[in-house]
Amino acid sequence: GSSGGGVAITDGDMAERQKSFIARTLRTVGSKFFEGKPLTELSLHVSVFQPRSFLEKLVDDWDYGPYYLTRAAMEKNPLERLKLVAAFVIAGLHGSASLSKPFNPILGETYSAKWKDGTAVYLEQTNHHPPVTHWLVRHPEELYTFMGFGMFSGKVNMLDNCVRTRRNGVNIVDFQDGGRVVILMPYMALRGLLFGERRVEFLGGLSIYDQANDIVADFALNVDPKFLGIFGGANSKPTDYFRGVVYKPSSAKFQKMDFSGLTAATDKKGSPYMNESVLDTKGLELRTDYDIVNTVKAATKEADKKPSGLSRPSGLFRGTSKSGSVAKGASKAAPPKSKGTDASRVLCVAQGTYLGYLDFDQERYWDIRDCPAERAQPEADDLLPTDARMRRDVKALQAVLDCSDTPEYKEEREKLFDKAQVVKEELEKRQRSDKKLREGPEKASIKNNGFFPNQ
């Protein structure tokens, strides 16, 4: 991790290529960068990409699924189940951190993979602009089903020297016994675009809601130093540390069905990306970062006054000591009581870093050194023609990376880069053309989306 917090990017060659590209782009588009141009509206050079689609990269976030979701499915205690789901989410955050950008999915593009236990992973790009991805992850014995959708949004802002991105939408875990947990994700920032250290941070609020049992877990990521002063001096904590609270909400907003947030997160004209009868989110409301963070701050106010019971583990991730670990069954700090807030019935408090560990009342639920992560393996047989790995631009960029980077192959490598850029631009042009056709009177006769045949 970075000394300042977040995931440090150490690929110096890639960073220099990207900074060079950004400098050239600034001379071309100028103020659009400073105005916060939407990332999906910028055509970036192929040199800043990785040879994967966003669909494939999204699965990286779920590396802890086999470990935590299976255990959550077998857990009968609602509070313990919610903690295990929280561990799944927080442990997977750092999987999103990378310097190179994945290719934007093409409408109708798919990706499928499996974990060793047979859990199947399916993703599909269901909308072009705004870009929306749907996914379905199903355990072979149907112990759980993880599904949802996300609308990718991101902006480049050179005044802040960063890119901020977010996957707006809903993540849902359905369990075999009828339980359902809904997850709302934080946003991510890539800092150091032109100067300073390159690092990835997660910011804002993360919320997890068990609607059947009416339990909420809220986490505040990278908030103000006074709030996180419990971890040490105001200037000593890395920004990847967080605080959280699990509580029984008292507010009526959790007792009603509200789809206005879903609509706003997808399309102002409606919400075509999620069937309400399938979602069936009793008590769900998409909440703001401000709401989540302030709920955590209010509910942990008493804990902040008594830091002795919540000391920061030493050496974690920045050394080899496990002195901060607390075995299950150890004594726990009494949860704080907060009156007059939405979280007036606090069940427990949480702390940790998304780079290393998660504790609930000093009991360790995730430690990156002990808990196994497993990357879902792409299916190799019977690939659909729409599979992300069949993309021409992905294959062209992979050819560049397969070429030796030694000086004698420099000219050949540059030619391969130029070829990959041409292929990328061809696909972008076809996508723009197809969008016009879809919006015109000819849309009913379209049989080819310009990339995948016969779709």
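## Helix α10 and its buried side

In this predicted model, helix α10 spans residues 392-402, and its buried residues are D393, V394, A396, L397 and V400. Buried here means under 20% relative accessible area, with a 1.4 Å probe and protein chains only. These residues sit on the same side of α10 because they cover an arc of only 165° around the axis, taken from the directions from the helix axis to the C-beta atoms. An α-helix has 3.6 residues a turn, so residues three or four places apart point the same way.

What lies over this side? The cover of the buried residues of α10 includes β2 (49-53), β3 (101-103) and α11 (410-439). Helices (H or I, at least four residues) and strands (E, at least two) are DSSP runs, numbered from the N terminus.

## Two helix pairs

Let us stay with α10 for a moment. Its axis and that of α11 are 9 Å apart, at an angle of about 170°, which means that α10 is roughly antiparallel to α11 (a label for angles over 145 degrees). Axes are lines fitted to C-alpha atoms, for helices over the stretch in contact, and angles run from 0 to 180 degrees between N-to-C directions. On the α10 side, the residues that meet α11 include D393, A396, L397 and V400; their partners in α11 include L416, F417, A420 and V423. Contact means heavy atoms within 4.5 Å.

Another pair is formed by α4 (residues 65-74) and α5 (residues 78-92), which pack at about 165° with axes 8 Å apart. That angle makes α4 roughly antiparallel to α5. The contact involves G65, Y68, L69, R71, A72 and A73 of α4, together with R81, L84, V85, A87 and F88 of α5.

## A buried aspartate in a strand

Is D367 buried or exposed? D367 counts as buried because its relative accessibility is 2%. This residue belongs to strand β16 (residues 363-367). G352 is 15 residues from D367 along the chain, and their C-alpha atoms are separated by 9.7 Å.

## The chain as a whole

Stepping back, the protein chain has 11 helices and 17 strands. Of its 455 residues, 55% are buried. Among contacts between residues at least 6 apart in sequence, 67% join residues at least 24 apart.

## How to read the values

Residues are numbered from 1 along each chain as its sequence is written, and side-chain values use heavy atoms, leaving out hydrogens and water. As the model is predicted, local features need pLDDT of at least 70 and side-chain atom pairs count only at pLDDT 80 or more, while totals for chains, interfaces and linings use all residues.

Key:
Buried means under 20% relative accessible area, exposed over 50%, partly exposed in between (1.4 Å probe, protein chains only). Angles under 35 degrees count as roughly parallel, over 145 as roughly antiparallel, 65 to 115 as roughly perpendicular and the rest as oblique.
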